[in-house]
Amino acid sequence: MDGTWTAVREAGPDGPTPSPLEASRERVVKVSIVASKSELTQLCEEMEEQASAFESAPAGLIVAWAAERFGPKLAMAASFQDAVLIDIAVNVDPTIEVVFLDTGSHFPETLEYVETIRARYDLNLTVTKPAPGAEQWPCGTAQCCEFRKVRPLKQALAGKEAWVTGLKRVDAPTRRDAPIVSYDENWGMVKVNPLATWTEQDVAGYGADHGIPQHPLLSRGYLSIGCAPTTRPVQIGEGPRSGRWSDSDKVECGLHV
Ligand code: SF4
């Protein structure tokens, strides 16, 4: 696996009707960690088997598998809304690379929290900056997230084969079916979501049990924390992510679609 980008050919029109899963593999995709279509199929099948096996596995076990399977070609993206997954991951591998996307629009409290957590765990932390041209796009547009999140993360993950994320199925309807492990065609990498089956209560309980510092804005009603211009506190009765992009129909920033 040499990180070469390889185009996978399109399915022929005369073959048997593929299943949706097969069809998705047949599309022209760019893959970074496989050199042929058969390797891609093999990798997808391996990840599907792992996903089933991990459905009720502890998050630490999932991270341990990923660390063993991908070694130094594994990294983790962290929003620093909380540090639960960081705590789990560094217990498995204290050297795991953690990537924080500094969009240039974070709350000062988030940047303080990053430093608190960096010091607590002596993190192997990579902090990205927005891609050139980001300033052309107003906050809230898809391009803003593309330049401040998606492109910097792709650059930070170059050469990696897998990334760990804190995505949870309860976060949004778009994440309802998120697998614990999968090959992500958009990113050309394996994506590992150890907290996919967790609830907000699970996260809070783990944080309290392990004495993990909380984000300073949590106690002020910010239950999901992104960039400052597009995040507001949540009102009683609202869902945890209802304070994100609340004046638009946007629910994802492009990292998980
Ligand atoms: S969350 Fe808002 S401010 Fe942050 S990158 Fe996306 S659009 Fe820009």
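**Group meeting: a sheet and a kinked helix**

In this predicted model, alanine 162 sits across from valine 190 of strand 8. I start there because strands of a sheet pair through backbone hydrogen bonds, either parallel or antiparallel. Which sense do strand 6 and strand 8 take? Strand 6, residues 162–164, runs parallel to strand 8, residues 189–192, and three bridges join them. Further along, valine 164 is placed opposite valine 192 in strand 8.

Valine 192 of strand 8 also has valine 181 opposite. That brings in strand 7, which pairs with strand 8 in the antiparallel sense over four bridges. The hairpin made by strand 7 and strand 8 has four residues between the strands, and glycine 188 there has a positive phi near 65°.

Six strands form an open sheet in the order 5-4-3-6-8-7, and the pairing is mixed. Strand 5 and strand 7 (181–184) are at the edges with a single partner strand each, so one side of each has no neighbour in the sheet. From one strand to the next, the twist averages 30°. Helix 2, residues 37–53, lies across strand 7 and strand 8, and its direction is at about 155° to strand 7.

Next, helix 6. This helix covers residues 142–156, which is 15 residues. From first C-alpha to last it reaches 20 Å, close to the 21 Å expected at 1.5 Å a residue. Where is the kink in helix 6? It lies at valine 150, shortly before proline 152, and comes to about 25°.

To step back to the chain: it has seven helices and eight strands. Of its 257 residues, 35% are buried. Among contacts with a separation of 6 or more, 67% are between residues 24 or more positions apart.

Last, confidence. The mean pLDDT of the chain is 85, with 83% of residues at 70 or more. Where does pLDDT stay under 50? That is residues 1–31, and for this stretch the model has 31 contacts beyond four places in sequence.

Key. Residues numbered from 1 in each chain as written. Predicted model: local features only at pLDDT ≥ 70, side-chain atom pairs only at ≥ 80, totals over all residues. Helix = DSSP H or I, 4+ residues; strand = E, 2+ residues; numbered from the N terminus. Buried ≥ 20, exposed ≤ 12 C-beta atoms within 10 Å, placed from the backbone. Contact = placed C-beta atoms within 7 Å. Expected span 1.5 Å × (residues − 1). Bend = angle between axes of the 7 residues up to and from the residue. pLDDT = per-residue confidence, 0-100. Pairing = 2+ DSSP bridges. Axes fitted to C-alpha atoms, helices over the stretch in contact; angles between N-to-C directions.
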